[in-house]
Amino acid sequence: MAPVMDSDLVRQSAATLSAAMQAGEVTSVQVTEACLARIEEVDDKVHAFLHVDRETALATAADIDTRRAAGAELGPLAGIPLALKDVFTMRGVPTTCGSRILADWRPPYDSTVVERLRAAGVVILGKTNMDEFAMGSSTEHSGYGPTHNPWDLERIPGGSGGGSSAALAAFEAPLAMGTDTGGSIRQPAAVTGTVGVKPTYGGVSRYGLVALASSLDQAGPCARTVLDAALLHEVIAGHDPRDSTSIDAPVPDVVAAARSGDVRGMRIGLVRELGGEGYQQGVRQRFDEAVAILTDLGADVVEVSCPNFEYALGAYYLILPAEASSNLARFDGMRYGLRAGDDGDASVEEVMSRTREAGFGAEVKRRIMLGTYSLSSGYYDAYYGQAQKVRTLIARDFAAAFEQVDVLVSPTTPTTAFRLGEKLDDPLAMYLNDIATIPVNLAGNCAMSVPVGLSPEDGLPVGLQIMAPALGDDRLYRVGSALEAALVDRWGHVLTEEVPAL
Amino acid sequence: MSGSTAITRMPFDQALQSFEPVLGLETHVELGTASKMFCGCATEFGGAPNTQVCPTCLGLPGSLPVVNAVAVESTIRMGLALHCDIASWCRFARKNYFYPDMPKDYQISQYDEPLCFDGYLDVVVATDDGPREFRVEIERVHMEEDTGKLTHAGGDTGRIHGADYSLVDYNRAGIPLIEIVTKPIVGAGSLAPLVARAYVTELRDLMRALGVSDVRMDQGSLRCDVNVSLAPAGEPWGTRSETKNVNSLRSVERAVRFEIERQAAVLTDGERVVQETRHFHEDTGETTPGRSKEHAEDYRYFPEPDLVPVAPSEDWIEQLRSTLPEVPSARRARLRDEWGISDLEMQTLVNAEALELVEATIAAGVDQGAARKWWTGEFTRVANEQGVALEDLRVTPAHIARVEALITDGSLTDKLARSVFEGVLAGEGDVDQVIAERGLVVVGDDSTLMSAIEQALADQPDVAEKIRGGKVQAAGAIVGAVMKATKGQADAAKVRTLLLAHLGVEE
Ligand SMILES: [Zn+2]
């Protein structure tokens with residue numbers, strides 16, 4: 001390839017940068033400096049980052065360059081910069097989860113994801129903004145102010161991982177890490193025109209991922225291209241004995257799948273319950289066009305029904321708050337993080353109470369209360385118990401559908417990015433954003449959001465969701481890369497090239 | 001908040017005339033695994049505070065638990081020894097409540113899916129009519145993690161309220177606990193306190209025999225919650241009290257007795273027993289009210305989503321069953337027969353906590369009679385005086401074996417042997433060191449004794465004459481003088497024999 005110009009470095013994919021580094025055309029330090037300069041230039045407007053660790057990033061980059069120069073065997077992502085969602089612990093680096101209650105907390109240990117990123121030589125630029133403890137679909141619930149969508153700074157970048165998706169769309173980093181409990185990787189990917197993958201539950205270790213809802217949380221890759229997501233997926237996935245729910249099985253070959261991009265003969269199911277009414281006209285239009293492309297590429301497209309999906313949102317908002325209310329109990333001001341109201345007279349209960357009152361935002365408090373209520377004696381069976389049954393029914397719907405088809409598809413979100421503040425006072429409207437993404441978390445299988453164009457009425461990105469069975473992550477990449485290749489062919493570039501200048 | 005209070009009690013015998021006690025015992029024991037329940041931290045007792053901790057047992061954000069397989073195995077073995085059914089599939093549960101000794105503000109425990117359930121343990125109590133056996137039914141055996149340890153400084157209550165500050169040591173947080181819960185124990189009547197004690201004793205011995213815990217009660221590794229309620233004869237059970245953290249065998253017995261006496265007085269006065277947790281005070285033997293359960297805590301149990309279910313295979317369970325060691329009751333019966341002692345004599349050894357020590361002493365080559373005599377006599381007395389466990393005395397089975405050998409070869413007398421042990425117990429060294437230091441060797445060579453005898457006869461010619469004249473009973477005066485001259489280090493019987501032979505007098 002031709003030498004890459006400095007000014008273009010930040011727009012390149014990780015795969016391109018990797019090839020250029022291996023060819024000696026560019027160094028990791030140059031790429032890292034370019035990203036840091038871009039952050040410097042645009043993050044005042046975007047606010048994707050909560051913390052940037054310039055020195056460590058450059059030191060890591062220099063180390064990779066030295067090793068490469070010495071002829072060391074390096075993985076494909078060695079020297080590539082990455083933006084890390086602020087929900088992963090990283091030794092000595094602030095980890096706030098977007099909450100004031102963890103304002104000054106620096107963990108004494110690395111999460112498994114960070115350990116694997118370090119081992120792969122990935123350059124971690126810093127920590128990205130998020131809805132507090134990953135509760136939200138807009139990053140407006142961050143304790144440190146919202147992140148702005150680079151497509152339109154008045155709009156939300158999605159959530160909870162809006163910082164990671166915005167960092168990609170603003171060309172602050174070629175790669176980012178997210179976590180997905182009900183759509184927190186896929187929905188931000190959809191509204192920023194980027195790629196996001198929620199791997200199979202247990203596919204990526206949760207050790208060091210600050211828990212929202214343990215049975216739903218899953219870490220996954222975010223990128224501007226399907227291949228980049230696959231390269232990152234390969235680095236972070238795999239069994240971890242420190243996470244009991246981690247799957248002890250080989251990781252599907254997602255990189256090969258992303259390179260193949262062949263859907264000929266694949267059976268693709270349209271989920272009847274995810275589409276139609278309640279979905280924005282432009283979203284439906286771009287979705288339908290994408291499905292037509294898949295048909296043209298040789299896939300066999302049929303409609304399937306998943307009748308229990310309509311109960312998913314209700315079940316999710318019983319299970320998630322229940323687990324969250326317990327997971328967030330530890331933030332009590334006794335051992336780390338914020339301590340409020342310790343005036344020498346207050347009892348331990350009072351200090352705990354004042355700390356939680358001062359440290360948690362409204363959405364976190366709302367969900368803790370919901371969860372505490374649904375687990376209460378006398379209500380458990382009616383709420384938490386019933387929700388678990390719905391979960392089983394949804395898993396059965398998926399199992400039945402995957403008898404007929406290889407993957408399922410739907411729009412990732414019902415609408416394009418809404419305006420900041422638009423749904424802040426209407427939690428229910430906010431929750432409806434995740435209506436198409438939640439079933440996958442409840443069933444524990446995997447899904448991807450891939451950009452399929454701009455909605456004609458507002459010029460904002462639309463995402464298509466691909467869903468596959470547990471451990472069928474490679475299928476996501478086959479379909480995603482096929483679609484991406486066809487669309488890039490049509491557009492002449494990846495969708496993010498159309499992000500307006502900041 | 002101890003000290004004598006104005007709690008009204010009804011004399012025990014009188015209480016039993018009107019009421020039938022119902023007991024329930026919940027026993028928590030720290031398992032003797034090398035690492036904690038859900039992380040790799042060491043479990044060793046006595047480390048400097050907060051040195052045996054990691055992100056997981058500190059409950060740091062992002063940390064996750066991983067089940068200790070040895071703890072599961074120990075629990076299953078304990079369940080099998082208690083004749084329990086073993087669950088083929090069960091889950092951990094979170095017990096949610098806020099307290100600073102709990103790093104996560106929830107405890108990982110088991111709730112409605114215990115690993116072991118429906119078993120029993122037979123215990124024996126001594127009565128005036130001889131030993132009597134009781135079957136204590138077991139409701140469940142489950143696993144959980146221990147909390148940290150709080151120390152409250154300042155204030156005068158020793159509790160968190162009123163303290164100036166509190167220190168917390170998380171070394172204990174995450175230590176594996178096994179909880180054994182009985183079904184209600186009814187029909188013990190006046191033997192209820194003894195049954196409670198015998199049950200906990202048997203449980204402890206069983207765990208030691210299985211090697212799942214060394215059960216150091218002085219280190220708080222066994223804690224018992226004692227539930228007591230009273231039922232007027234023929235009527236339904238009354239409201240129960242729950243006395244928390246009773247941590248010695250004697251205290252279990254006393255707590256049951258006290259609660260029977262207290263509740264009988266309450267009910268006889270026409271009052272009602274309050275459902276509450278109570279604290280037992282070692283110094284007074286009384287219980288005082290703690291938290292009232294009228295506004296009971298709602299623990300919001302739900303299955304622990306960070307852990308996968310425990311699903312022991314049938315093969316594994318059978319393998320563990322086939323390798324269970326001899327249980328304490330069977331062992332006692334075997335030793336009783338081997339040693340040829342009575343049930344009562346065996347019970348005496350058990351009550352004195354001397355069975356293991358006696359067995360080890362016999363194994364060291366000592367005659368069973370002598371072994372039992374030393375441990376249940378002299379050493380039990382000393383242990384009681386010092387208020388320590390028999391096994392914590394400085395004397396060992398090897399010491400006894402050495403002393404007995406010296407007695408047999410005539411180097412020590414019983415009296416000197418006592419002096420040797422006095423030295424050993426005082427920390428003066430082992431048997432031979434004490435003998436050397438104290439100069440405790442029997443004056444045994446005939447020429448030394450003979451010169452002392454001749455000297456005594458010369459000093460008391462009138463006595464010598466009497467003996468020669470056939471008054472053998474007068475020999476005592478000469479023997480006494482010889483013993484005095486040898487500072488008691490001669491064998492009196494031997495002196496007497498030598499004396500009579502010297503004088504040519506027949507016994
Ligand atoms: Zn630990």
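At what angle do H13(B) and helix H15 (residues 475-485) of chain B pack, and how far apart are their axes? The first view below takes up this question. The model is predicted, so local features need pLDDT of at least 70 and side-chain atom pairs count only at pLDDT 80 or more, while totals for chains, interfaces and linings use all residues. Residues are numbered from 1 along each chain as its sequence is written, and chains are lettered from A and ligands numbered from 1 in the order in which they are written.

**View 1. Two packed helices of chain B, H13(B) and H15(B).** The angle between H13(B) and H15(B) is about 125°, and their axes are 9 Å apart; helices here are DSSP runs of H or I with at least four residues, and strands are runs of E with at least two, numbered from the N terminus. Axes are lines fitted to C-alpha atoms, for helices over the stretch in contact, and angles run from 0 to 180 degrees between N-to-C directions. The two helices H13(B) and H15(B) are therefore oblique to each other, given that angles under 35 degrees count as roughly parallel, over 145 as roughly antiparallel, 65 to 115 as roughly perpendicular and the rest as oblique. From H13(B), the contact includes Leu449(B), Ala452(B) and Ile453(B), and from H15(B) it includes Ile478(B), Ala481(B) and Val482(B), where contact means that the C-beta atoms of two residues, placed from the backbone, lie within 7 Å. By class, the residues of this contact are 9 nonpolar, 1 polar and 1 charged; Ala, Val, Leu, Ile, Met, Phe, Trp, Tyr, Cys and Pro count as nonpolar, Asp, Glu, Lys and Arg as charged, and the others, Gly among them, as polar.

**View 2. Met450(B) in helix H13 of chain B.** Helix H13(B) spans residues 446-459, and Met450(B) lies in it. Met450(B) counts as partly exposed because it has 16 C-beta neighbours inside 10 Å; a residue is buried with 20 or more other C-beta atoms within 10 Å of its own, exposed with 12 or fewer, and partly exposed in between, the C-beta atoms being placed from the backbone.

**View 3. Val29(B) in strand S1 of chain B.** Strand S1(B) covers residues 19-30 and holds Val29(B), which counts as buried because 24 C-beta neighbours lie inside 10 Å. Apart from neighbours within four places in sequence, Val29(B) is in contact with residues including Leu177(B), Ile178(B), Met207(B) and Val215(B). Asp214(B) is 185 residues from Val29(B) in sequence, yet the two are 9.6 Å apart in space, C-alpha to C-alpha.

**View 4. An open sheet of 3 strands in chain B.** The strand order is S4-S3-S14 with antiparallel pairing, and two strands are taken to pair if DSSP finds at least two bridges between them. Strands S4 (106-109) and S14 (302-303) of chain B are the edges, each pairing on one side only. Strand S3 (residues 93-96) of chain B pairs with S14(B) over 2 bridges, and Arg94(B) stands opposite Phe302(B) in S14(B).

**View 5. An open sheet of 11 strands in chain A.** The pairing in this sheet is mixed, and the order is S1-S3-S2-S4-S6-S5-S10-S11-S9-S7-S8, with S1 (49-52) and S8 (300-304) of chain A as its edge strands. Neighbouring strands are turned by 25° against each other on average, direction ignored. Within the sheet, strand S5 (residues 195-198) and strand S6 (residues 219-223) of chain A pair in the antiparallel sense over 2 bridges, and Gly196(A) stands opposite Cys222(A) in S6(A). Helix H7 (residues 226-236) of chain A lies across S4, S5, S6 and S10 of chain A and runs at about 150° to S6(A).

**View 6. Helices H10 and H13 of chain A.** H10(A) (residues 312-327) and H13(A) (residues 381-404) pack at about 125° with axes 9 Å apart, and their crossing is left-handed. Their contact has 10 nonpolar, no polar and 1 charged residues.

Conventions:
Left-handed = near helix turned anticlockwise from the far one by under 90°.
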